[in-house]
Amino acid sequence: MFDPVIAPSGTLLGLLQRGRGDGTLHALAAPRAEALAALNHCVLDDPRQDWRVENRSLYYARLYLDLAGGLEEIEAHLFGAEDHLDDEESRTGLALSVLGHLASYGRQDALLLLRRYAAAGTNWAWALDELALRDDDAGLRALALPVLARFPATPEGEAELAATVRDAYEPRPWRLWAEDPRASVGARIRAAREQGSFDRWQRQLTPTGPRPGWSVRAVLDWAQEGHERGAELHLPAARCLVAVAGPEDRGTILDAARSGPDGARCAALHYLAEAQDPAVLDLVELAVNDGPRTVADAAVTAYGRMSGEAAVDRARGWIHRPDALGAAAAGTLACRGGSEDSPLVLGALRETIRSQGPDAPALYPLVDGAGRLGIACAAPVLRHVYRETASSELRGRTARALAATDAGFPTGFAVECLWDCEETTREVAALHAETGDVRVAERLRRLAVDPAEEAEVQTAVRQRIGPDLDLQV
C-alpha cells in the first residue's frame, strides 16, 4: 500500500482525511455534492497512516447518515475489476467497515452490499466478520455455500479451509454452518474445525524454542541463529535469559552485549536493560556509536524500556544527540522526567517539529510529556500539531495535552473534538467542552443515546449531566 496523499489541513478533503471534528462540521455546511465527493474519496482511498491504531469507519458512516449519502461509489469500488487484481485488505477494508457501521444503524442497502461482497468479493473474510456482528442467522446461513465454494474439495483446499476456520476473527458464521445438516456444509466445517484443533496440538507437541535446562550460552546461540535466518528473537531470548541467568552468568552476558555477534548482542542488551544493570547504559552508548544498524536499533529500543533514575539522569546528557538515542532520551524525559526537565522536553518538541514535521513518530512521547508536565508555553506548538498532523492517534494525544496546558481548550478545539473520529478524543472532549455552546449540548445528547458510541465516551458524557446540561438518557 502506498502512503496516502493528504490534502492541506484547511480544505474539506484534508479535514475529512484527518478525521477531525471540523471535517464533519464543514461537510454539513458545504454543498451536499461536494461533501459527498470528499467523503467518497476518503472511504475509497484509505487516508490512514496506520489502520491498526487509527479509526475512521464510524466517523465516515455517521457522515453518510447525516448527508443521506448513497452507496453507489462504494458498490462500484467493491465490485470493480480491480477487486480481482488487487487482493490487499487495505484496498477495501475501510469501505467494508463503513458498511458494517451503516448496517448497525439500520441501513439495509449496506447490509445487502456486505452479503453480496462476502459471497463474491476478494476480501470476503473481512465482509463476513462485519456480518457476523450485525446479520441475522438466516442471512449468515445463506452464505455457507458461496463461501465454501472458495475451497476446492482437495487435500490442499481442505487444509486451507481448516486454517481459515481455525484463524477466523469472528467464529459465529462457522459455528452456525457447523450445525447445517447438509454433508457438504456441516460435516465439512466440523472436519475443518477438528483439523484446526489437531494442528494446534501438533504445534504444542513440537516447540522450536528454548527448552527447560537451557544455559545462557544456549539462549544466546538461539538468538543468533534466529538473526541469521531473518527472525529477530532478541526480545524472547532476553525473557529466556531472565529465567535461566544467575549472578555467575553476568560476565558472559556483558561480553555478549559488548562484542558478541549481532543477534546475541541484541538479546544481551535487552536483558541487561530489563535488569537495570549498572553497566548497560555505557553498553547502549557503545552499541549506538559503533555497532551495526541492527544492534544500534536494539540498543535504543532497550534503553527506551528502562524506567530507573539512572536512565532518566543519562537522558539529560543524551537529549542533545541528533540521532535515535537522542530521540529516545527525549522520550524518556517526557515520560519520566520531573518539572525541572520541562525546558528540555519543550526544546525537543520544537526541534522535532521543525526538523521532522507534525507526523514524526518521535512526537508521540513528547506530546504526552508536555501534557504530563503541564508545560503551558507548549500550547502554541501543540495547537500546530493538532491542526496539521495526519495521524488521528497523535491528534488525540495532542488533545489530551492541550486539555492540561491550554486554558482556551474547552471553548476551542474541545468543541470540534466531540465529532472526532477517535473515541478517546471524543471522551476528552466530553469531559472538557464548554457546555454553554449550544452545539456542545446537542452533541452530548446525541452521543449519550447513540448505540454505536463507545461506553467510555458515554460514561464521560454522563459525568457532565447536571443543572447546566439537562440530558434525558
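**View 1. Ala68 lies in the loop between helix H4 (57–67) and helix H5 (72–78).** Helices (H or I, at least four residues) are DSSP runs, numbered from the N terminus. The structure is a predicted model, in which local features need pLDDT of at least 70 and side-chain atom pairs count only at pLDDT 80 or more, while totals for chains, interfaces and linings use all residues. Residues are numbered from 1 along each chain as its sequence is written, and side-chain values use heavy atoms, with hydrogens and water left out. Ala68 has a phi near 50°, a positive value in a residue other than glycine. Most residues other than glycine have a negative phi. Ala68 is exposed, at a relative accessible area of 54% (buried means under 20%, exposed over 50%, partly exposed in between, with a 1.4 Å probe and protein chains only).

**View 2. Gln276 sits in the loop between helix H18 (262–274) and helix H19 (280–290).** Its phi is near 55°, again positive in a residue other than glycine. Gln276 is partly exposed, with a relative accessible area of 35%.

**View 3. Helix H23 (residues 342–356) packs with helix H24 (residues 363–372) at an angle of about 140°, their axes 10 Å apart.** H23 is therefore oblique to H24 (angles under 35 degrees count as roughly parallel, over 145 as roughly antiparallel, 65 to 115 as roughly perpendicular and the rest as oblique). Axes are lines fitted to C-alpha atoms, for helices over the stretch in contact, and angles run from 0 to 180 degrees between N-to-C directions. Val345, Ala348, Leu349, Thr352 and Ile353 of H23 make the contact with Leu363, Leu366, Val367 and Ala370 of H24 (contact means heavy atoms within 4.5 Å).

Key:
Helices (H or I, at least four residues) and strands (E, at least two) are DSSP runs, numbered from the N terminus.
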